[in-house]
Amino acid sequence: LLDDTRKTTDIILGALKQTRQRGILDRGWGDLGVCEYLNHASELPDDVFLLENCPHDWLFPQCAAV
């Protein structure tokens, strides 16, 4: 479990924005997708998708980086 899921999510979203990359957040055991300025997943940027549950063995080969 992550110590500070909000901070981790904010860091990920900030890095994606700064590098102009799309991203997928898998909420999973780390409860990612919860951050200071977001009340719920519908407020995520358009280029970030929040997954609730997805098999990594299928997802990872679909991605440029993990």
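Which pattern does the chain follow when read along the sequence?

**Figure 1. Overview of the predicted chain.** The pattern is α-β-β-α, made up of 2 helices and 2 strands; helices (H or I, at least four residues) and strands (E, at least two) are DSSP runs, numbered from the N terminus. The model is predicted, so local features need pLDDT of at least 70 and side-chain atom pairs count only at pLDDT 80 or more, whereas totals for chains, interfaces and linings use all residues. Residues are numbered from 1 along each chain as its sequence is written, and side-chain values use heavy atoms, with hydrogens and water left out. The mean pLDDT (the predictor's confidence in each residue, from 0 to 100) of the chain is 80, and 79% of its residues reach 70 or more.

**Figure 2. The largest nonpolar core.** A nonpolar core is a set of buried Ala, Val, Leu, Ile, Met, Phe, Trp, Tyr and Cys residues joined through side-chain atoms within 4.5 Å. Buried means under 20% relative accessible area, exposed over 50%, and partly exposed in between (1.4 Å probe, protein chains only). The largest such core comprises 7 residues: Leu13, Leu16, Leu25, Leu32, Leu44, Val48 and Leu50. Two or more of these residues come from each of α1 (5-19) and β2 (48-51). Apart from its neighbours within four places in sequence, valine 48 is in contact (heavy atoms within 4.5 Å) with Leu13, Leu16, Gly23 and Leu25. Of the 66 residues of the chain, 29% count as buried.

**Figure 3. Arginine 22 and its surroundings.** Arginine 22 lies in the loop between α1 and β1 and counts as exposed, at 74% relative accessibility. Not counting residues up to four places away in sequence, arginine 22 touches Leu16 and Asp47. Arginine 22 and aspartate 47 are 25 residues apart in sequence, yet their C-alpha atoms are 4.9 Å apart in space.

Figure 4. Cysteine 54 is buried, with a relative accessible area of 12%, whereas cysteine 63 is partly exposed, at 27%.
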